[in-house]
Amino acid sequence: MVRRPRNTSVTSSQTVLAEMRTEPRADLATLLARATTGPALVTALVCPTSALSLGAALATAQAGLIVPVLVGPSTAIRRIAEAGATDITRLRLVDAPDASAAAIEAVRMARTGEVAALMKGDLHTDQLMRPIVATQTGLRTTRHMSHVYVLRLRDQARLVLLTDVAINVAPRLADKAEIVRNAIDLAHALGFAEPRVAILSAVETVNADMPSTVDAASLCKMADRGQITGGLIDGPLAFDDAIDAGAAAAKGIVSEVAGRADILVAPDLEAGNILAKALTVLAGAEAAGVVVGASVPIVLTSRADSTATRVASCALARLMGRSMS
């Protein structure tokens, strides 16, 4: 049964179908093209010490999405630029001796307003996140941080958000509630009026031996009580139930979310990360990702991500930044 948040009016089946036709259903490039309007986002690119990360920053700048500020070992960055015959003389270059120092400096720049976003270059995620989550000197807000992927599934003209795949390893119930709220906020920034949220597990029924199903039921009840608002929430749902209307119908699931979820909430980071990589590597999904809940947008790409994914992620960060201002 679908769980509907408080202050959301009950809609008829005809209204639901109308909403399906008006919500974002274009490919990722078309949707994120909205990000090219307005001023570019001044973004600290942390440790761009590979041709891929440096090239992606320049491609994103050429697209008018960001104004990159290069933060990291200046000698190494210049060497990479020279090897690729890349002109970085017009870009601000902030020297830092190593990746950890670059992350600390980039976070300081974000705190002081010198940059409006961060983008991960050639360093490990924990190296970048450590100064970001620091209690006194980081980029914390009253919200919990989480990572959201926006995916365009192959052969489907619609976008799906997947969370969390990069930050919260084993989220507790309270963490999951924040993860859901963050994803709903991002969906609103992308134009979803009332996103449908599927809380994923391996089965569709509550099983005390499977904690993720109990958490899913609790999140639905939290939505019933107005503790989570802004979207339709249902769970537990298996992945096929959430995405495939035929699978949901075959299992007798009656839900406004099942079969057409806009947001997929994984039970933990391992499941979310594996699902994201399976969809992008094996299923050819287009992807963009951003950290939500910090004081500035954070583009937390994988070091293996393509230039196209990095550019799309910056566009996503710009849309998010616009909604925060």
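These are my notebook entries on a few features I looked up in a predicted model.

**Ground rules.** I number residues from 1 along each chain as its sequence is written, and my side-chain values use heavy atoms, with hydrogens and water left out. As the model is predicted, local features need pLDDT of at least 70 and side-chain atom pairs count only at pLDDT 80 or more, while totals for chains, interfaces and linings use all residues.

**Helix α8.** I took helices (H or I, at least four residues) and strands (E, at least two) as DSSP runs, numbered from the N terminus. Helix α8 covers residues 211-224, and its 14 residues reach 20 Å from first C-alpha to last. That is close to the 20 Å expected at 1.5 Å a residue, where the expected span is 1.5 Å times one less than the number of residues. I then looked up which residues of α8 are buried. They are S212, T213, D215, A216, L219, C220, M222 and A223; buried means under 20% relative accessible area, exposed over 50%, and partly exposed in between, with a 1.4 Å probe and protein chains only. An α-helix has 3.6 residues a turn, so residues three or four places apart point the same way. What covers the buried residues of α8 includes α7, β7 and β8. After α8 comes G226, with a positive phi near 80°.

**Residue Q127.** I found Q127 in helix α6. Leaving aside neighbours within four places in sequence, Q127 is in contact (heavy atoms within 4.5 Å) with A99, S100 and A103. The side chains of Q127 and S100 make a polar contact at 3.5 Å. A polar contact is a pair of N or O atoms within 3.5 Å; within protein, one must be able to donate a hydrogen and the other to accept it, and residues adjacent in sequence count only if both atoms are side-chain atoms.

**Backbone exceptions.** Most residues other than glycine have a negative phi, and most peptide bonds are trans. I noted two cis peptide bonds: one joins T163 and D164, with omega about -10°, and one joins G235 and P236, with omega about 5°. D164 sits in the loop between β6 and α7, whereas P236 sits in strand β8.

Two non-glycine residues have a positive phi: C47, near 60°, and A85, about 50°. Are they buried or exposed? C47, in the loop between β1 and α3, is buried, with a relative accessible area of 4%. A85, in the loop between α4 and β3, is exposed, at 73%.
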